[in-house]
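Student: I'd like to learn how to read this model feature by feature. Can we start with how the pieces are named?

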Amino acid sequence: MNITRKALHRRSFLRGMGAAVGLPFLDAMVPAMALARAARPPLRMAFAYVPNGIIMDQWNPAHEGRLGELPRILKTMEPHRDDILMLGNLTHNTGRALLDGAGDHGRCSGSYLTGIQVKKTTVDIRAGVSCDQIVARHVADQTRFPSLEVGMEDARQAGDCDSGYSCAYTNNLAWKSETQPLPPILNPRALFERLFGNGVILSPETQARQADYRRSILDFVGEDTRKLEATLGPTDRRKLDEYLSSIREVERQIERAEKTNAQIDPHMEKPYGVPADFAEHFTLMSDMITIAFQADLTRVVTFMMTREGTSRPYRELGISDGHHPCTHHQNKPELIEKVTQINTYHATQMAGWVAKLKSIREGDRRLLDNMMLVYGAGLSDGNRHLHEDLPTMVIGNARGTIKTGRRIVYRRETPMCNLHLAMMERMGVHMEHFGDATGQLTFADLA
Amino acid sequence: MPFPGEAKPPVGIVFDSDLGNGVDAALALALLYGLEGKGEARLVSNSTTRSNLNSAAFADVLARFYAGPPPAAGARGFEREMPPIGMAETGSLSGDTAVLDAVLEKKTADGLPAYPRGVHKLNDTADPAVLIRNALTAQYDANCVVVLAGPATDLAQLMDLEGALDLIKRKVKVLVMAAGSYPDGPVDFRVKADGAAAKRLLAQWPTPIVAVGTEVGDGLPFPGSSIEKDFDWAPSHPIVDAYLASEPMPYDAAAPSMAAVLYAVRPDGYFKLSAPGTIGVLEDGRTSFTPAADGRHRYLVIDPGQKEKVLRTYAELASAKPVPRQFGRRPNQNKNDEPPPPEPAKKP
């Protein structure tokens, strides 16, 4: 890194021994003369997806307009209600059967970001370019990674995962082309290596051999760090310290997960190094996404918490039944209760992530203020496989262009793709048409 | 594509009307629900060009009425879901009418609304163009008929949606529009209310069009005597209330929209068709018809020999009792879609 008295370049890296650590947005990156010109951190777009629908009467607030008390599933989001915008009546018509019969899970995730009625097949898959990838192409030359695809369960790309729909549809959100899904990274170590390594993903055996003498990636870039610190003011030094500490903490968590890997529940299929505990895994992955945003390694993320149609049990909650079977509750209260607990658990993880995004300063704003993070699902009622009134919230105000703290209920059948158009526009991509959109969603209350 | 062994479903009807503007459109919906109850048609989209929540609410009331009694509280299985109602936001007709007031303000002896409704505010309704577009995407090719019983506002907006013209061409056999007078005649308010939309519709709609003129509606009016005797199985019937409020009894109601629905579902055996030609809209709102061998427009002609049969069919089907839908299984759901049984609990 070439450190001079000139402003630090936004895309500077701390380097050493094959490692490269991006830097967060620092005051030193803004030339003094430009401060008044409002140099801004970048805007980011992310989608966090949960499968199998939601118990909607425990998700939807009772009223439109300003958010007050939130329903049970979103209780832990209450501290963040001024930062969220809840949207009602958004619909993915292309997720519906439309003469293709069963397979709502395969369709709903396949169409979620593509807006396309995916081809019912297990062989010659066909969807469409997803909105995140359209934006990723647009910003590709501005970040190290055009996009990041992150998940926590099952990245199989072949086989029948739902009534004749390929697993490529249920296990991916991002599609680079009509036929090329981008599988999510599930393993924290793999994500870490991707973000900070030289691109080589080590095998578990090699990683194990290296474990005894592995040093922190921060040790590799220590010399660069010291040089940089000497040029920074106290505020930037504190920011840098907090940022590097968060990277170190992620490293420690990964190492801990790898050490305890052998002790996990034998019923759970977990690849090497993946924490057995859902919350721990979520925290690791979301922390790394946060770091990637801080360091401007990427501006586009899709995060599939678990695969669509998953039958994962939640033994963390004492629920040994699979998630998917529970969602076909047929109005049995005990099953509805289990699904509600799972929905609440997911939202609780999100609340923790949002708290972190709010805690990080970027210039005169919070990191969250420079984001649009959509949290939602491709089905509303998982019992009936409904594709209308999809549970959707936008977290973050996209640099003040989205008024949060409210609930807006649009007219019935309003295309979800209208939201995608509006988000792409904010990311600098203007499109007249996308999927079945009829125009950009306006974030204004209906009269 | 139909699955092996699966029959093509009955024709899907897209119904777009000025519901509440007189009783014609309401009678046409009653007829359509009667045909649906016999398994001859499916109402796949229902929208109103009236920019009036009460018009949409009336459509919703009828949908609930003809769906039959709701399932018992706490019943297991799939709940009944009422279909969305489309409502124009910028339609040329907007005011309340005596028909709408009579139905929506009627109360039971306990002071409760006589007819339950699910439309109270704008976001209880859908954009008609989107609603119709989405409905068409779920239909087999050439297995759908669009019935227009009001100004052409919504259909003109449908044609503006990306890809809609191709979709219409694939899915729709024919547009049957109850508007105009043929081969010539007086101004029809349904054309004049949005003349620009009517012109665009007639010029650009990509399927054949069959027009039902006011002369058919006047020549085959719904018999008021039927209202007095055929609907008495229901202690309170929204069609009866609408009919009584529309005009002072006794009267026979002009019913061009009923003819449009009957022709849409049963094209043979009730009416004659004109030779092909082209329908145009004149500056004063009247329609014109120019015969042309390659024309894609025709108009419906009364067959005097079938008049009694038509009127008998109107009365019989419009007054038919609701046939409750099966709510235990969603359409298009097959056995592969059954949820697997819950896993047995394992000891930790």
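Tutor: Helices (H or I, at least four residues) and strands (E, at least two) are DSSP runs, numbered from the N terminus. Residues are numbered from 1 along each chain as its sequence is written, while chains are lettered from A and ligands numbered from 1 in the order in which they are written. This is a predicted model, where local features need pLDDT of at least 70, side-chain atom pairs count only at pLDDT 80 or more, and totals for chains, interfaces and linings use all residues.

Student: How many helices and strands does chain A have, and how many does chain B have?

Tutor: Chain A has twelve helices and 18 strands. Chain B has 13 helices and eleven strands.

Student: What is the mean pLDDT of chain B?

Tutor: First the idea: pLDDT is the predictor's confidence in each residue, from 0 to 100. For chain B the mean is 90, with 88% of residues reaching 70 or more. Residues 327-348 of chain B fall below 50, and that stretch has 32 contacts in the model beyond near neighbours in sequence. A contact here means two residues whose C-beta atoms, placed from the backbone, lie within 7 Å. Chain A averages 89, and 89% of its residues score at least 70. Its residues 262-266 are below 50, with four contacts beyond near neighbours in sequence. For the model, ipTM is 0.90 and pTM is 0.90.

Student: Which residues of the largest nonpolar core have the most contacts inside it?

Tutor: Two terms first. A residue is buried if 20 or more other C-beta atoms lie within 10 Å of its own, exposed if 12 or fewer, and partly exposed in between, with C-beta atoms placed from the backbone. A nonpolar core is a set of buried Ala, Val, Leu, Ile, Met, Phe, Trp, Tyr and Cys residues joined through C-beta atoms within 7 Å. Here the largest core has 126 residues, and those with the most contacts inside it are A:A48, A:Y49, A:L87, A:M288, A:I289, A:A292 and A:F303. Helix α9 (residues 278-294) of chain A gives the largest share, nine residues. At least three residues come from each of domain 1 (44-186 + 301-447) and domain 2 (188-273) of chain A. Another core, of 104 residues, lies apart from it and includes B:F58, B:A63, B:I85 and B:L158.

Student: What is A:F303 in contact with, leaving aside neighbours within four places in sequence?

Tutor: A:F303 touches A:A46, A:F47, A:A48, A:Y49, A:V150 and A:I289.

Student: How far apart are the C-alpha centres of the two domains of chain A?

Tutor: Domain bounds come from an automatic or database domain assignment. The C-alpha centres of domain 1 and domain 2 of chain A lie 29 Å apart. Five residues of domain 1 are in contact with six of domain 2. On the domain 1 side, the touching residues are three nonpolar, no polar and two charged. For those classes, Ala, Val, Leu, Ile, Met, Phe, Trp, Tyr, Cys and Pro count as nonpolar, Asp, Glu, Lys and Arg as charged, and the others, Gly among them, as polar.

Student: Where does A:H385 lie, and is it buried or exposed?

Tutor: A:H385 lies in the loop between β16 (371-377) and β17 (392-395) of chain A. Its phi is near 55 degrees, a positive value in a residue other than glycine. A:H385 counts as buried because 26 other C-beta atoms lie within 10 Å. A:D389 is found in the loop between β16 and β17 too, with a positive phi of about 50 degrees although it is not a glycine. A:D389 is buried as well, since it has 22 C-beta neighbours inside 10 Å.

Student: Which peptide bonds are cis?

Tutor: The bond from B:Y182 to B:P183 is cis, with omega near 0 degrees. B:P183 sits in the loop between β6 (172-177) and α7 (189-192) of chain B. The bond from B:M249 to B:P250 is cis too, with omega near 0 degrees, and B:P250 is in the loop between α11 (238-246) and α12 (256-265) of chain B.

Student: In which sense do β7 and β11 of chain B pair?

Tutor: Two strands pair if DSSP finds at least two bridges between them. Strands β7 (residues 209-211) and β11 (residues 297-302) of chain B pair in the parallel sense over three bridges, with B:V210 opposite B:R298. Strand β8 (residues 271-273) of chain B runs antiparallel to β11(B), joined by three bridges, and B:F271 has B:I302 as its bridge partner.
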